Amino acid sequence: MFKQIQIYRIAAQWAGNHPAVEEALAKTPFVECGATQERSFGWVPPRGEENGAMVESIGGHWIARFMCETKSIPAALLARRVKEKTDRIERETGRKPGKKEKKEIKDEAKLDLLPHAFPKQGSTLVWIDKESRTLVLDSTSSGRSDEIVSALVEALPGLAVSLINTKSSPQAAMAHWLATQEPPVGFSVDRECELKSADESKAVVRYGRHPLDIEEVRAHIAAGKLPTKLALTWDDRLSFVITEGMQVKKMAFLETVFEGRKDDDSGFDADVAIATGELSRFIPDLIDALGGEEESVLEGGAEAEGDVVSGGGCDDEELYEQAVTVVLDNQKASISLVQRHLRIGYNQAARLLEKMEANGVVSPMQGDGSRKIADAVEA
C-alpha cells in the first residue's frame, strides 16, 4: 500500500476530527482537466469506489487519496509551433517579435496544443494519525508533497505541520553506521548505498547488491564522502532505503508481516490495517535511531495561528535571505527543502517560497509541481 513515505508532525493545537476532515475534503473533489487546462488536482475516494467517502477511518487511522492530472506538451512540438507563429509574424510585418511578445506567443501556442495533449493521472495516499500527531504521504517528490500539504492546510482550518526534525541528521547517522558497522538496535544494514563527495567535484560512488561491511566503504567516508542513501531492514519486517532528507523509499514488507494471515484476509481495510500497524511502530523506532526528535517549531502554537515563527532567532528578512541561499545553493525550490534546512514549520516555509515567487527568485509552480529558479525564471 505504501511504497515510500514522507513524514510530518502535526501541531498539537489542531482540533480536527474525522467528520470535519471528510466534509472539508469533499468540497474540493478531483475534476479532470478541461480542454485548455494544463493541470488539475483534488481528492478522490481512497477505496476507489464512486461516490465513496473522501476520508476512510480504519482503526482510528484516517486515509485519503489525492489525485492529480497533468497534460504535457512535448518541448520540441511546442518550440516548433512557436517558431511557426514567430516566422509568420516576421514575414507579415518585417519585424522580429520581442521578448514579451514571444512569451505571449508561447502561451498562445500552448493553448492551441493543450486540447490535443494526452492527460496523465497519478494519485497519492495520505495517512493522518491524529493520536500520534503524524501525517504520512505516500510520496518522496518534494513538489507533489508540497502540493498535497498545501491543499490540506488550505482545506483544514488551524492545521499546521512540520517535517520531522531529528537530533542527528540522517546523513551523519548513516555515515556512523557504515563506518562502525553498528546500526541501531532493531535495524540492519543491507546491500545498497550512495556516497557523495562534499567538495566541488561532487563525486558519487554507488553500491548495489554489494556488501557494505568492507574497508573500501569506510575509506570513502574517511575521505569525506557522505551517504545520501542507505538500504536498511527494520525488525526483519520492513526493508527500505533512507535518504539524507529522511525520505523513506523502496519500502517492502517482509514475509514475517504476513505470517498467519488468511487467504481471504485481504482488501482495502486489511491492507490499511497492516500498513498503518507496522508503520506506527517503525516510525518511532526510526526517529529514535536518529537520536530522537528535536522540539517541534509547532509546539509554541504560533504556526497554528498563522504567525511567523523565525528559525534560530532570525528576523523575517534574515530568514528570507537564508531561504534564498538554500534554494540557490541546491538549485531546487521546494517548501520541504526550505523546511528541512532552516528547521521551520511548513506554513512559514510556504510563505518564504511565496515571497521568492513575488520577487522573481522562483517561478510559479509548474505542471509537474516543480519550480524554476533564478536565471531559469527569465528564460
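A: Helices (H or I, at least four residues) and strands (E, at least two) are DSSP runs, numbered from the N terminus. This is a predicted model, where local features need pLDDT of at least 70, side-chain atom pairs count only at pLDDT 80 or more, and totals for chains, interfaces and linings use all residues. Residues are numbered from 1 along each chain as its sequence is written, and side-chain values use heavy atoms, with hydrogens and water left out.

Q: OK, at what angle do α2 and α3 pack?
A: About 125°, with the axes of α2 (residues 75-93) and α3 (residues 99-113) 9 Å apart. That makes α2 oblique to α3 (under 35 degrees is roughly parallel, over 145 roughly antiparallel, 65 to 115 roughly perpendicular, and the rest oblique).

Q: Which residues of α2 meet α3?
A: Leu77, Leu78, Arg81, Val82, Lys85, Thr86 and Ile89. Their partners in α3 include Glu101, Ile105, Ala109 and Leu113, with contact meaning heavy atoms within 4.5 Å.

Q: Switching topic: how many disulfides are there?
A: 0 disulfides, taking one as a pair of cysteine sulfur atoms within 2.5 Å. Cys33 is in no disulfide, and the nearest cysteine sulfur, that of Cys68, is 7.7 Å away.

Q: And is Cys33 buried or exposed?
A: Cys33 counts as buried, at 13% relative accessibility. Buried is under 20% relative accessible area, exposed is over 50%, and partly exposed is in between (1.4 Å probe, protein chains only). Cys68 counts as buried too, at 2%.

Q: What about α11, how many of its residues are buried?
A: 6 of the 8 residues in α11 (residues 335-342) are buried, so this helix is largely enclosed by the rest of the structure. The buried ones are Ile335, Ser336, Leu337, Val338, Gln339 and Leu342.

Q: What covers them?
A: The cover includes β1 (6-10), α4 (142-155), β7 (161-163), α10 (316-330) and α12 (346-358). Just after α11, Arg343 takes a positive phi of about 55°.

Q: Last one: where is Ser239 found?
A: In strand β11 (residues 238-243). At 19% relative accessibility, Ser239 counts as buried.

Q: What is Ser239 in contact with?
A: Leaving aside neighbours within four places in sequence, Ser239 is in contact with Asp190, Leu232, Thr233, Lys250, Met251, Ala252 and Leu254.

Note on methods. Axes are lines fitted to C-alpha atoms, for helices over the stretch in contact, and angles run from 0 to 180 degrees between N-to-C directions.
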